[in-house]
Each structure stands twice: as structure tokens, then as C-alpha cells.
Amino acid sequence: NLVIRLREYVSQTLESKNIKTTININETLLHQTLDMGQRRDFLLIFREAINNIVKYAEATQVQISLDKINTDLQLQIIDNGRGFEVNKQTSSSGLKNMQSRALALHGTIQIQSEPEKGTKIILLIPTT
């Protein structure tokens, strides 16, 4: 189950680093199915976002929500970390990989961040 995998990953990565984590999952999504390719790309985006929080954000709190917006699946990850300049070029390919995976899912990803103001990631993918 996708939800179980998300919770396990959060426990292994964020909670083990004493980062307070709140997870809100719309219960109707427990019966939502994604095909294997969709699940893989979704999980890779999720893991990249969580890994970035652990590696770079210096966050103490993270909020994760999974919801259904019309027929779309929405993942939101918000941290209170140090943030960054979204448009600044970096040598890392993590954010680019997240964007290309979102496109492969026929979805969109928004990355909102400012230095010292944390980061908010919103992934929206169609489920029909």
C-alpha cells in the first residue's frame, strides 16, 4: 500500500532525525489505485523531497498531506527549514528529476521557497 510506504519512509528518514512530522491523509485515498509506473514515480518524487529536507533544509517540522482534489491526487510537503532561491541554478539534479517525473505522471509540481522561510512542494497528478 502506497500510504504505508510513505509512512515508513517518513519514520526512517525524518523521525529518526528528530524532525517533528505531521501526516494528514484523506481516508478516501486508501482505496485509490495507481499503476506500478505511477506509484514508482510518485514515490521517487516523495523520497527526493524528503531527502532534500534531511540533507539541506535544517527543518525541525514537516507537514505532509495527501488529498483528493476533484479527480486529482495532491501531495503537499511543507517544511520550516532554511529555504532556498528556487530560480538559482544548482549542480544538483534532484529538483529537475522531480519536475520530469511529475510530467511523466501528466501532473504538475510547484516548488515554493524563499531563504529562511521554508519550502512548500505541491504535486498534483490525475488519477483517471
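**Pockets, core and selected residues of a predicted model**

The second largest pocket is lined by 11 residues, and those nearest its centre are L2, L29, Q32, T33 and L34. Its volume is about 180 Å³. By class, this lining holds 7 nonpolar, 3 polar and 1 charged residues. Here Ala, Val, Leu, Ile, Met, Phe, Trp, Tyr, Cys and Pro count as nonpolar, Asp, Glu, Lys and Arg as charged, and the others, Gly among them, as polar. A pocket is an open set of points on a 1 Å grid over the protein atoms alone, where a 1.4 Å probe fits, with protein on both sides within 12 Å along at least five of seven lines; lining residues have an atom within 4 Å of a point. Grid points are joined across faces, edges and corners, and a volume is the space filled by probe spheres set on the points.

The model is predicted, so that local features need pLDDT of at least 70 and side-chain atom pairs count only at pLDDT 80 or more, whereas totals for chains, interfaces and linings use all residues. Residues are numbered from 1 along each chain as its sequence is written, and side-chain values use heavy atoms, with hydrogens and water left out.

Two or more lining residues come from each of α2, α3 and β5, with α2 providing the largest share, 6 residues. In terms of class, the lining of the largest pocket divides into 10 nonpolar, 9 polar and 6 charged residues.

Turning to the overall fold, the protein chain contains 3 helices and 5 strands, arranged along the sequence as α-β-α-β-β-α-β-β. These elements are DSSP runs numbered from the N terminus, with helices (H or I) of at least four residues and strands (E) of at least two. The C-alpha trace spans about 35 × 30 × 20 Å along its principal axes. For 128 residues, a compact globule would have a radius of gyration near 14 Å, and the value of 14 Å for the protein chain agrees with this. The radius is taken over C-alpha atoms, and the globule rule is 2.2 Å times the number of residues to the power 0.38. Of contacts (heavy atoms within 4.5 Å) between residues at least 6 apart in sequence, 67% join residues at least 24 apart. Buried residues make up 38% of the 128 residues; buried means under 20% relative accessible area, exposed over 50%, and partly exposed in between (1.4 Å probe, protein chains only).

What, then, lies in the interior? The largest nonpolar core has 33 residues, and F42, F46, I64, L66 and I77 touch the most other members. At least two core residues are supplied by each of α1 (2–13), α2 (36–57), β2 (61–69), β3 (72–79), α3 (94–104), β4 (108–113) and β5 (119–126). Helix α2 gives the most, with 8 residues. A nonpolar core is a set of buried Ala, Val, Leu, Ile, Met, Phe, Trp, Tyr and Cys residues joined through side-chain atoms within 4.5 Å. Leaving aside residues up to four places away in sequence, F46 touches L6, Y9, V10, I64, L75 and I77.

I109 is placed in strand β4 and counts as buried at 16% relative accessibility. Beyond four places in sequence, I109 touches I45, M98, Q99, A102, I121, I122 and L123. K120 is found in strand β5 and is partly exposed, with a relative accessible area of 28%. With residues up to four places away not counted, K120 touches Q76, I77, I78, Q110, I111 and Q112. K120 and V62 are 58 residues apart in sequence, and their C-alpha atoms are 9.7 Å apart in space.

Most residues other than glycine have a negative phi. N70, in the loop between β2 and β3, has a positive phi near 55° and counts as exposed at 72% relative accessibility. H106, in the loop between α3 and β4, likewise has a positive phi, near 60°, and is exposed at 68% relative accessibility.
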